[in-house]
Amino acid sequence: WFPHALPQQQLLVVALLTGMLAAGAFVLSPLPVAAICFVAIFASAGVVACWLADDRIFLVVGCLQVIYALVVLLGTLAMSRKATVLLQSQAEARRQERMMAVLLHDFEQNAAEALWETGVDGCVVHHSPRLSALLGLDEALLRARPLLELLARSGADVAPLRAALAAERPFKELRLSAAAPHGARHWSLNGKPLDDDEARIVGWRGVIADVTEQVTAQERLHHLAHTDSLTGLANRFTLHGALRAAIAQQRLVALLALDLDHFKLVNDTLGHAAGDQLLQNVAARLLACRRPADL
């Protein structure tokens with residue numbers, strides 16, 4: 001039909017064919033095989049129609065259409081590749097989100113630490129079930145209450161945390177301590193600010209852990225390293241450190257040396273247990289009469 005059509009009709013057919021070639025390839029770009037078949041069929045039909053027209057101008061149009069079809073085909077394949085990569089990245093992102101959700105749920109249920117998240121007003125908007133046990137508070141008190149208030153209810157000095165939040169910078173291993181009937185409790189907090197699209201802080205998120213056992217163990221090790229295990233007095237290591245500090249600060253100090261007369265006789269006649277008891281009693285008397293600045 002094309003070779004016998006009027007010039008206006010031939011122009012209309014060429015325009016429609018060219019537009020449909022590009023539009024169809026664009027629509028079918030997610031399906032590269034279908035796009036290739038579509039472009040091949042339309043381009044071949046156009047070339048055959050131009051060939052049958054038996055006019056040099058249409059031979060040129062046919063050659064241009066082949067070039068145009070190749071350009072459209074290359075662009076379609078590039079779009080298809082980008083669409084495939086985008087779909088794969090979206091699928092991978094969803095898979096990672098599901099994995100993170102599973103890991104987060106497992107962490108909240110089984111970890112020794114507890115997650116916490118506050119809003120712009122400082123109130124807790126999300127927390128792990130373990131948070132109530134760590135703070136020793138009822139679960140109902142944790143809902144929509146400021147984190148600073150909850151820690152203060154647990155007896156903690158919240159001044160370091162308030163200063164860290166006011167600085168509006170991430171903090172790590174911030175130590176808080178609280179007095180408790182069964183001994184002091186210690187917590188370690190990590191947190192970072194949550195920003196919106198305009199870089200404004202809209203809340204905080206972090207982790208709180210009970211480090212009472214670690215702190216107690218460190219204090220016990222420090223005590224053992226600096227005191228005598230029998231008498232509880234400062235040992236030679238502590239004495240040397242205190243003397244070095246006094247010399248470095250050029251402070252006026254006095255060093256007093258005490259000796260127990262005939263102590264060996266006590267050990268030989270009454271035994272080492274009695275000698276240890278004697279040393280403990282003497283140490284208790286020395287501790288009772290010392291001043292706060294004395295070592």
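This report describes the sheet, the helix packing and some individual residues of a predicted model.

**The sheet and the helices on it**

Five strands form an open sheet in the order 2-1-5-4-3, and their pairing is antiparallel. Strand 2 (124–127) and strand 3 (171–178) each have a single partner strand and stand at the edges, so one side of each is left without a neighbour in the sheet. With direction ignored, neighbouring strands of this sheet are turned against each other by 25 degrees on average.

Strand 1 (residues 114–118) runs antiparallel to strand 2 and is joined to strand 2 by three bridges; Trp116, for its part, has His127 in strand 2 as its bridge partner. Helix 6 (residues 159–167) packs on the sheet, where it touches strand 3, strand 4 (185–195) and strand 5 (201–210), and the direction of helix 6 makes about 155 degrees with that of strand 3. Helix 7 (residues 212–226) also packs on the sheet and touches strand 3, strand 4 and strand 5, its direction making about 130 degrees with that of strand 4.

**Two helix pairs**

Two packed helices are described by the angle between their axes and the distance between the axes. The table gives these values for two pairs.

| Helix pair | Axes come within | Crossing angle |
|---|---|---|
| Helix 1 (residues 7–27) and helix 2 (residues 32–53) | 9 Å | roughly 170 degrees |
| Helix 9 (residues 263–270) and helix 10 (residues 272–289) | 6 Å | roughly 140 degrees |

Because the axes of helix 1 and helix 2 cross at roughly 170 degrees, helix 1 is roughly antiparallel to helix 2. On the side of helix 1, the contact is made by Leu17, Met20, Leu21, Gly24 and Ala25, which meet Ala35, Phe38, Val39, Phe42, Ala43 and Gly46 in helix 2. By class, the residues of this contact of helix 1 with helix 2 divide into nine nonpolar, two polar and no charged.

For the other pair, the crossing at roughly 140 degrees makes helix 9 oblique to helix 10. Here Phe263, Val266, Asn267 and Leu270 in helix 9 meet His272, Ala274, Gly275, Leu278 and Leu279 in helix 10. The contact of helix 9 with helix 10 has six nonpolar and three polar residues, and no charged residues.

**Residues in loops and in the hairpin**

Ser154 lies in the loop between helix 5 (147–153) and helix 6. Is Ser154 buried or exposed? With a relative accessibility of 13%, Ser154 counts as buried, because the cut-off for that class is under 20%. If residues up to four places away in sequence are not counted, Ser154 touches Leu135, Leu137, Ala178, Ala179 and Trp187.

Most residues other than glycine have a negative phi. Glu168, found in the loop between helix 6 and strand 3, is a residue other than glycine with a positive phi, near 60 degrees. His262, placed in the loop between helix 8 (236–248) and helix 9, likewise has a positive phi near 60 degrees and is a residue other than glycine. The relative accessible area of His262 is 63%, so His262 is exposed. A glycine with a positive phi is found in the hairpin of strand 1 and strand 2, which has five residues between the strands: Gly122 takes a value near 85 degrees.

Terms used. Residues numbered from 1 in each chain as written. Predicted model: local features only at pLDDT ≥ 70, side-chain atom pairs only at ≥ 80, totals over all residues. Heavy atoms only, no water. Axes fitted to C-alpha atoms, helices over the stretch in contact; angles between N-to-C directions. Helix = DSSP H or I, 4+ residues; strand = E, 2+ residues; numbered from the N terminus. Parallel < 35°, antiparallel > 145°, perpendicular 65-115°, else oblique. Contact = heavy atoms within 4.5 Å. Nonpolar A, V, L, I, M, F, W, Y, C, P; charged D, E, K, R; others polar. Pairing = 2+ DSSP bridges. Buried < 20%, exposed > 50% of the residue type's maximum accessible area, 1.4 Å probe, protein only.
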